[in-house]
Amino acid sequence: MRQGNVRRRTLLVIAALTAVSGAVVWQYRRDIFDTRLTVRTYRVETDKVTAPVRLAVLSDLHSCAYGAGQTELMNALEALAPQPDALLLAGDIVDDELPEENAWSVVSQISESYRCFYVTGNHEWWTGEAERICCQMEGYGVSVLRGNCHLVSVEKGDAVQILQICGIDDPDFLNSREQLAQAGGQIDRDLFSVLLAHRPEGFRSYLEYPFDLVVSGHAHGGQWRIPGLVNGFYAPSQGFFPPYAGGLYRIGEAHLLVSRGLARESTRIPRIFNPPEIVVVDILPR
Ligand SMILES: [Fe+2]
């Protein structure tokens with residue numbers, strides 16, 4: 001009799017807690033499952049520039065839709081003030097399951113207005129057509145980085161800032177270690193150097209070379225977050241509570257910037273407290 005009462009009370013408590021949590025989730029569902037596009041800005045200070053240079057990062061679009069003609073994404077880019085000096089496409093722009101039109105709509109528009117640099121992500125390789133995708137990017141005037149570096153000159157008043165933008169393919173199908181060595185061998189230590197590499201988990205190996213900033217994606221912000229408490233629950237290749245889920249990390253003099261990406265309808269598990277983002281990084285004189 002007494003055991004039956006305890007069981008009944010326990011069930012009532014569980015039911016009450018479930019109802020309360022359900023009500024809280026329902027009340028705050030817009031914030032919790034918010035998939036509106038956001039812009040997140042970071043700052044990196046260096047002795048290697050004398051005027052600010054602004055880069056914007058688009059990563060892990062996965063061919064997702066941002067309004068008719070991708071206007072939502074394009075409007076967010078056009079609203080940036082000041083405008084970015086270059087755009088970095090950090091891989092998984094095209095998806096292996098969704099149609100590619102949304103991705104190419106973005107690429108065709110941004111390449112008309114910005115200098116764009118691209119590296120492959122694993123999903124481009126999973127299409128089985130990564131080489132064709134790289135050629136198509138180049139057809140739009142996008143610089144595809146595969147173990148090489150480009151110099152970017154940015155005129156600011158009387159001064160010209162020169163950055164070195166390098167990149168490597170995603171390692172799923174290729175030996176990107178060789179590409180990393182090639183790109184690392186081209187670093188000019190007098191210039192601010194950026195390595196574009198889809199996967200953040202390789203950060204320590206990237207640091208075998210003196211890049212000033214590594215830009216990655218792939219982790220999707222760890223999919224679920226509790227702001228201020230848990231920066232990401234799970235990321236591919238990094239597992240649970242990934243060390244590089246999203247944000248700006250610093251090791252010694254080097255920085256790693258991990259975009260939480262732009263994937264929306266392609267994700268099978270909803271993003272929680274983890275809205276898709278355009279990332280802006282301001283490289284500022286120290
Ligand atoms: Fe990826």
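This is a predicted model: local features need pLDDT of at least 70, side-chain atom pairs count only at pLDDT 80 or more; totals for chains, interfaces and linings use all residues.
Residues are numbered from 1 along each chain as its sequence is written, and side-chain values use heavy atoms, with hydrogens and water left out.

Strand 8 (residues 192-196) is largely enclosed by the rest of the structure, because five of its five residues are buried (under 20% relative accessible area with a 1.4 Å probe, protein chains only; exposed is over 50%, partly exposed in between). Phe-192, Val-194 and Leu-196 cover one side, Ser-193 and Leu-195 the other. Strands here are DSSP runs of E with at least two residues, and helices are H or I runs of at least four, numbered from the N terminus. Two strands pair if DSSP finds at least two bridges between them.

| Parallel pair | Bridges |
|---|---|
| strand 7 (residues 159-167) and strand 8 | five bridges |
| strand 8 and strand 9 (residues 213-216) | three bridges |

Gln-164 has Ser-193 in strand 8 as its bridge partner.

Now the metal. Asp-92 (OD), Asn-122 (OD1), His-198 (NE2) and His-218 (ND1) are the protein donors of the iron ion, lying 2.1 to 2.2 Å from it. Donors are N, O and S atoms within 2.8 Å of the metal (3.2 Å for Na, K and Ca); water is not among the atoms, so sites may look incomplete. Asp-92 lies in the loop between strand 3 (86-89) and helix 4 (101-113), and His-198 in the loop between strand 8 and helix 8 (203-206), so the pair ties together parts 106 residues apart in sequence. Asp-92 counts as buried, at 1% relative accessibility, and His-198 is buried at 1% too.
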